[in-house]
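Biologist: I am new to this structure and would like to learn how to read it. Could we go through some features together?

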Amino acid sequence: MAMGDPTGTDLNRYRGELTGYCYRMLGSPFEAEDAVQETLLRAWRGLAAYDERRASLRTWLYRIATNICLDILRGAARRARPMDLGPATQGPELGAPLPEHAWVQPAPDALVLPAAADPAAAAVARETVGLAFVAALQVLSPRQRAVLILRDVLCWRAAEVATLLGTTVAAVNSALQRARAALPAGPACAADPVDPALLARYVDAFERYDVAALVALLREDATMSMPPLAWWLRGRDAIERALVASGGPCAGSRLVPVAANGTAAFGHYLPDGAGGYQRFGFVVLEIEGARVVSTTTYLGDTRLFDLFGLPDSPPAMS
C-alpha cells in the first residue's frame, strides 16, 4: 500500500456517522451495527482498488453502506411503532405480541450520534434519530429514504447524492420531492435539552407508582405503547385509567437512566419477589418543553439492556 493510502484506522474513523446513517435507514441498532461492520469489511478488502480521484473515502464508504442497506431492505416489511399500525386501543385487550422485526428499536446516543462541535447541529441531529422520525422514515421506499437522509439530514449536495446512487441530479431531486411529500412527520428544527428536574419527578413517581404524579407530567395528548404489543393509548385520561386498572404491578420498580435516540431512556427493573430485581422493560421518553409526550416501553427485550450496557440488576441505592 502506497504512502498516503487509506488504512483501517482511516476507515474506522467513519464508523459512528455510518452507524447513525444505517440506523435511520434500517430502524434497528442491531442491523445498523451489522451493516456498518460489513461496510468496513468490504472497504478493507477493496482498498487496493480504491481511487481517491473518483470519490472521497467518505463518499465511497457511504456508497457501500447504502448498497448494503438497500440489500437488507429488499423485500423486508417496514418497521414501525404501535401507533403506526392502527388506532389507539379502546379496551383492555392487549393482543398477541408481534415479532422483533416489526418494530423500530431504540439506539444508544453514543452509537448513532457522533460528537458535534456545533451545539445547534447536535440538537438537530438528536431530532433526526428520535423514534418518531426514524419510524416516519420507514414509510418511504428504501431509495427515497436514502435520498432524504443524505440531502435533508446529512446535508449532502444533490450532485453528491446522484454520484453515490449512480443516478442523475434530476432523479435525486424528484425522489427528494416525493419523499418530503410522503413523510408524515418531520423533525423539529432542534431538540431542547431534557430538564433534569422533570426526569427526577418522573423517576420518583414511577418508582413509587404514584399514578396522579405520573399523569401530571404528561401532555394532554400523550401516548403510551409497549412493543412487542400493538396495543397503545392516547391521552392522559386513557393512560390514567390503564395505570389505575393495572393494580400497580410496577410499584417498587427501579429505573436506571441511559441516553437513547437523543432523549431520556431507562432500563426498567421489576422486583422479583425475593428481595432482588429482574430486567423487565426498556423505556424511552419523548419530551417537549416541560411535558412527557410519549412513553414507549420495550417489554422483555434483554438485548437492549446489553446494548446499552445495563447490568443484570440495578445498582444499590445510595
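This is a predicted model: local features need pLDDT of at least 70, side-chain atom pairs count only at pLDDT 80 or more; totals for chains, interfaces and linings use all residues.

Biologist: Which residues touch the most other members of the largest nonpolar core?

Modeller: The general idea is that in soluble globular proteins, nonpolar side chains tend to be buried together. Here the largest core has 68 residues, and Tyr-21, Cys-22, Tyr-23, Met-25 and Phe-282 touch the most other members. Helix H4 (residues 57-73) supplies the largest share of this core, 10 residues. Another core, of 29 residues, lies apart from it and includes Leu-198, Ala-222, Leu-233 and Leu-285.

Biologist: What is Tyr-23 in contact with, leaving aside neighbours within four places in sequence?

Modeller: Among its partners are Pro-29, Val-104, Pro-106, Val-129, Leu-131 and Asn-261.

Biologist: Asn-261 is on that list. Is Asn-261 buried or exposed?

Modeller: Buried means under 20% relative accessible area. Asn-261 has 3% relative accessibility, so it counts as buried. This residue sits in the loop between strand S3 (254-260) and strand S4 (263-271). Its phi is positive, near 55°, though Asn-261 is not a glycine.

Biologist: And Cys-155, is it buried or exposed?

Modeller: Cys-155 counts as exposed because its relative accessibility is 59%, and the cut-off for exposed is over 50%. Cys-155 also has a positive phi, about 65°, without being a glycine. Its place is the loop between helix H8 (142-153) and helix H9 (158-165).

Biologist: Which residues does a cis peptide bond join?

Modeller: Pro-227 and Pro-228, with omega about 15°. Pro-228 belongs to the loop between strand S1 (218-225) and strand S2 (232-234).

Conventions
Residues are numbered from 1 along each chain as its sequence is written. Side-chain values use heavy atoms; hydrogens and water are left out. A nonpolar core is a set of buried Ala, Val, Leu, Ile, Met, Phe, Trp, Tyr and Cys residues joined through side-chain atoms within 4.5 Å. Buried means under 20% relative accessible area, exposed over 50%, partly exposed in between (1.4 Å probe, protein chains only). Helices (H or I, at least four residues) and strands (E, at least two) are DSSP runs, numbered from the N terminus. Contact means heavy atoms within 4.5 Å.
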